[in-house]
Amino acid sequence: MNQESLLIVFVALTGVAVLLQAVILLALFVSLRKGLKTTQEQVESILPAVRESREFINRIGPKIETVATDLAEISQGLRAQGKELEVVTMEVLERVRRQSGRIDKMFTNMMDTAERASNIVGDVVTAPLRQLAAVAAAVKAAAGVLISRNVPGERDPRETHAAADKEMFV
């Protein structure tokens, strides 16, 4: 084999390799074109939905912002009312505490007065009764002495006063 024939073989092999590369590139081009076409068809079928959603968002966006603003105002109002309610509740509780203290003092004073009145009534009723019992004991003792003196020569060994009479005598 000489150099010319080797050169022809190498040129032929290089030509076949270039031709093979061209076929592969052509196949890649065709498959990419088909893929691009199907992708474009799918995008075109989705495009109306995207446009409608964009229009929907454009229409609803200001309303959502208004609702968000209103919700923020409502929450601020509720916070302010909550604070006012807390202040009012604390004032009411303080007033209730003060009034319950006053009522407690009133009932305590009333019960003390009732106790003093019952003590006074008890003293007013029992003092004359004690005096009356003492007078009755004195009359009984005097009558006992007078009766015992009528019998001559007899002495009564009993006492003239009972032990209970000593406490009742005024």
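**Close-up views of a predicted helical chain**

**View 1. Val-121 is found in helix α1.** This is a predicted model, in which local features need pLDDT of at least 70 and side-chain atom pairs count only at pLDDT 80 or more, while totals for chains, interfaces and linings use all residues. Residues are numbered from 1 along each chain as its sequence is written, and side-chain values use heavy atoms, with hydrogens and water left out. Here helices (H or I, at least four residues) and strands (E, at least two) are DSSP runs, numbered from the N terminus.

**View 2. Val-121 belongs to a nonpolar surface patch.** Patches take residues with over 30% relative accessible area and no salt bridge, joining nonpolar side chains (Val, Leu, Ile, Met, Phe, Trp, Tyr) within 5 Å and like charges within 9 Å. Areas come from the Shrake-Rupley method with a 1.4 Å probe, and for residues only the protein chains shown count as cover.

**View 3. Glu-94, Arg-97 and Arg-98 are linked in a network of salt bridges.** A salt bridge is a side-chain nitrogen of Lys or Arg within 4 Å of a carboxyl oxygen of Asp or Glu. Take a look at Arg-97 and Glu-94: their closest N and O atoms are 3.1 Å apart. These two are about one helical turn apart because they sit 3 residues from each other in helix α1 (residues 3-150). Arg-98 also meets Glu-94, at 4.0 Å from N to O, and this pair lies 4 residues apart in helix α1.

**View 4. Arg-97 is exposed, at 51% relative accessible area.** Glu-94 is partly exposed at 36%, and Arg-98 is partly exposed at 45%. Buried means under 20% relative accessible area, exposed over 50%, and partly exposed in between (1.4 Å probe, protein chains only).

**View 5. The whole chain has 2 helices and 0 strands.** Buried residues make up 2% of its 170 residues.
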